[in-house]
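This briefing covers selected local features of one protein chain. Please have the sequence and the structure open while reading.

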Amino acid sequence: MSAQANYKSELVGVFGHPVAENPTIVMMEAAFRAAKVNFRYLTIEVLPEDLRSAIDGIRAMSFRGINLTIPHKIEVMKYLDEISENAKLIGAVNTVYRRGEALVGDNTDGRGFLTSLREEMDPAGKSFIILGAGGAARAIAVELALAKAGSIVIVNRDPTRGKALADRVAGIGGSKVAFSPLTARYRPPEGTEVLVNATSIGLFPDAGRPDLDYSCIGPSLLVCDVIPNPPRSAFLLEAASRGARTLDGLGMLVNQGAIGFRLWTDLEPPVGVMREALAREFGSA
Ligand code: NDP
């Protein structure tokens, strides 16, 4: 065996059920190669009834951490040693990392969005409209409230879910929070500074965009999408055609992956490499 050889790999995985094709694997493996660390990122199918054993497994096998997809993001909280404050407020964990022997649950989705947003503006005091009230919307709304957004309006098709999110965010304090139903006649109010699509509409192969009144969208608005694939979603193309500035979901996905990379490796993430790998995967490099 050569003195250079190192057969030990540090393991990070994504637990999901069912295991969908997960582009994160391409991004993380590219990042590990660029950083010259002997890490592997694995896609692992875990049935809901096996989640506790799977978490025991990552302790036994000394995984550096994991990502979690639906349906594990809430249930996993029972099996971890610590939960970050923002994951508690969001009510879901998408990233687990190790601190000593402890497994810590965190949520990086909203912080990934905020990292992209901060390249355009400071959210403090600004007015936001968020379309959607699912996991992505919840993570973004909570982080915006923590970042002292001036106002946040949750706009959702299902009013019960929408109102529940508005109540959750209002409980954080600091931002003015309201709910509006999402209908084809919905029109973002005058003075809105940022409009975010956090619904699942437009994710490949769906080529749709949320049904609303786009007539008030213009150059004064920053329009953001959580949809990473395609990065130029129908929603962003419509907004850009009306002169709005846009922010894509690819950047959010890269930035949340970069936060995970830092938590697992204690190294600075090669963000450019990660974005390029994902864009290539989505055929938009
Ligand atoms: P959820 O299933 O939790 O929520 C979906 C949301 O979309 C709900 O608010 C739902 O409304 C709304 N919605 C879906 N279809 C329609 C429709 N036809 N008309 C109106 N509203 C609709 O999903 P997530 O929040 O977990 O994920 C949403 C998207 O965010 C996904 O496409 C995912 O890929 C993306 N995402 C991107 C990330 C990134 O880093 N870029 C990170 C995480 C997620 P209702 O409540 O009325 O059903």
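This is a predicted model: local features need pLDDT of at least 70, side-chain atom pairs count only at pLDDT 80 or more; totals for chains, interfaces and linings use all residues.

- Helix H6 is made up of twelve residues, 159-170.
- At 1.5 Å a residue, H6 should span 16 Å, and the distance of 16 Å between its end C-alpha atoms agrees with this.
- The N-terminal end of H6 is capped by aspartate 158.
- In this cap, a side-chain oxygen of aspartate 158 lies 2.9 Å from the backbone nitrogen of threonine 160.

- Four residues of H6 are named here as buried: Gly162, Leu165, Ala166 and Val169.
- Viewed down the helix axis, the buried residues of H6 fall within an arc of 100°, so they line one face of the helix.
- Thr160 and Asp167 are exposed, and they sit on the face of H6 turned away from its buried side.

**Cis peptide bonds**

- Isoleucine 70 and proline 71 are joined by a cis peptide bond with an omega of about 15°.
- Proline 71 is found in the loop between strand S3 (65-68) and strand S4 (82-83).
- Phenylalanine 204 and proline 205 are likewise joined by a cis peptide bond, here with an omega of about 10°.
- Proline 205 is found in the loop that runs between strand S10 (194-197) and strand S11 (222-225).

- Lysine 148 is not a glycine, yet its phi is positive, at about 65°.
- Lysine 148 has a relative accessibility of 60%, and because exposed means over 50%, it counts as exposed.
- Aspartate 266, also a residue other than glycine, has a positive phi near 60°.
- Aspartate 266 lies in the loop between helix H8 (249-265) and helix H9 (271-281).
- With a relative accessibility of 58%, aspartate 266 counts as exposed by the cut-off of over 50%.

Note on methods:
Residues are numbered from 1 along each chain as its sequence is written. Side-chain values use heavy atoms; hydrogens and water are left out. Helices (H or I, at least four residues) and strands (E, at least two) are DSSP runs, numbered from the N terminus. The expected span of a helix is 1.5 Å times one less than its number of residues. Buried means under 20% relative accessible area, exposed over 50%, partly exposed in between (1.4 Å probe, protein chains only). The arc is that of the directions from the helix axis to the C-beta atoms. A polar contact is a pair of N or O atoms within 3.5 Å; within protein, one must be able to donate a hydrogen and the other to accept it, and residues adjacent in sequence count only if both atoms are side-chain atoms.
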